[in-house]
Amino acid sequence: MAKDASVQQAQLDRIASGQGFIAALDQSGGSTPKALALYGVNQDAYSNDDEMFAEIHKMRTRIITSPSFTRDRILGAILFEKTMDGEIEGTPVADYLWNSCGVVPFLKVDKGLADEQNGVQMMKPMPELDALLARAVGKGIFGTKMRSVIKEADAAGIKAVVAQQFEVGKQIVAAGLVPIIEPEVDIHSATKAEAEELLKAEILAQLNALPADSKVALKLTIPVKPGLYDELAGHANVVRVVALSGGYSTDDACARLAQNPRMIASFSRALTEGLNVAMSDEEYDAALGANISKIYDASL
């Protein structure tokens, strides 16, 4: 069932001009064991994938139901497919996010990264994407996210990554969703600054070729040169430019983000830093609230 046009517009307005950040709660199969270990849930706590995903769903549920997780500071949340299919307090997760928290739901749609070639990792093929997008629309999802990785300032590689991102992005727009296009630049790249200049030029070329009514968001590594992506943030086809933490600590990511006033945060690891399954509710809410406050302040 397609979502009500007034809800779609309210969610678009919130993402485009709201104050706050987008929480990334989309760790997938490959990154889940690491995320759980950091949270204090070791691999002996589950014996198969279903049990592992049940543990990460408990972790995400605790985050979303925390008193600290509110629309005052959080604009949206990116979900993993299994999270979208789950429930919180008997309500489908996307509905719970919007109706109970005022938080706009997004869905991670990529299937992981291909092997490195030309200094980049493209996205693996997504043959079932149309079916997934139709399901997402039916579940009240507003937008999507998909990630590629750039490791070197290789012009051909970066051009290929951006072309793939926008090609899939057009498919997502056609399904009635807003894609977050995420060509991450590895924070450890020896040619990070050069890669970012090439990336900006390629994104701009793709944006300029879009129809006027196509809306996308961009999720980018915080650049070496402050303000590098301001021109992208001002583009008529761009709803918002958000930043990934990319492995920086919460404090470091926030300090770098604060130098880029046209970007807001969409942090994953930095959001959950210091949280532990064994914490009391009071300790947990305080720790999560402190992370949310730092990220919110850096996003203003």
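How many cavities of 30 Å³ or more does a search of the whole structure find? The search finds one. This is a predicted model, so local features need pLDDT of at least 70, side-chain atom pairs count only at pLDDT 80 or more, and totals for chains, interfaces and linings use all residues. Residues are numbered from 1 along each chain as its sequence is written, and side-chain values use heavy atoms, with hydrogens and water left out.

**Cavity**

- A cavity is a set of points, on a 1 Å grid over the protein atoms alone, where a 1.4 Å probe fits but cannot get out; lining residues have an atom within 4 Å of a point.
- The largest cavity has a volume of about 40 Å³. Volume here is the space filled by probe spheres set on the points, with grid points joined across faces, edges and corners.
- Its lining consists of F166, G169, K170, V173, I181, L210, S214 and V216.
- Helix α7 (residues 155-174) supplies the largest share of that lining, four residues. Helices (H or I, at least four residues) and strands (E, at least two) are DSSP runs, numbered from the N terminus.
- By class, the cavity lining has five nonpolar, two polar and one charged residue. Ala, Val, Leu, Ile, Met, Phe, Trp, Tyr, Cys and Pro count as nonpolar, Asp, Glu, Lys and Arg as charged, and the others, Gly among them, as polar.

- The largest pocket has a volume of about 950 Å³. A pocket is an open set of grid points with protein on both sides within 12 Å along at least five of seven lines.
- Its lining numbers 37 residues, and Q27, S31, R147, S268 and R269 are the closest to the pocket centre.
- At least two lining residues come from each of α2 (32-38), β7 (143-150), β8 (178-185) and α11 (269-272).
- The pocket lining splits into 10 nonpolar, 14 polar and 13 charged residues.

**Nonpolar cores**

- A nonpolar core is a set of buried Ala, Val, Leu, Ile, Met, Phe, Trp, Tyr and Cys residues joined through side-chain atoms within 4.5 Å. Buried means under 20% relative accessible area, exposed over 50%, partly exposed in between (1.4 Å probe, protein chains only).
- The largest core holds 84 residues, of which F69 and F267 touch the most other members.
- Helix α12 (residues 281-299) gives the most to this core, with seven residues.
- A second, separate core has 15 residues, including A24, I78, V178 and V239.
- Beyond four places in sequence, F267 has contacts (heavy atoms within 4.5 Å) that include I22, A24, I222, L257 and I295.

**Buried polar side chains**

- N291 sits in helix α12 and is buried, with a relative accessible area of 5%.
- A polar atom of the N291 side chain lies 2.7 Å from the backbone oxygen of E273.
- Leaving out residues up to four places away in sequence, N291 touches T250, A270, L271, T272 and E273.
- T83 belongs to helix α4 (residues 81-84) and is buried at 2% relative accessibility.
- With residues up to four places away again left out, T83 touches H57, R60 and V93.

**Positive phi outside glycine**

- E89 is not a glycine, yet has a positive phi of about 50°. E89 lies in the loop between β3 (87-88) and β4 (91-92) and is exposed, at 64% relative accessibility.
- N118, also not a glycine, has a positive phi of about 55°. N118 lies in the loop between β5 (104-108) and β6 (120-121) and is partly exposed, at 45%.

Note on methods: Polar contact = N/O pair within 3.5 Å; in protein donor to acceptor, adjacent residues only side chain to side chain.
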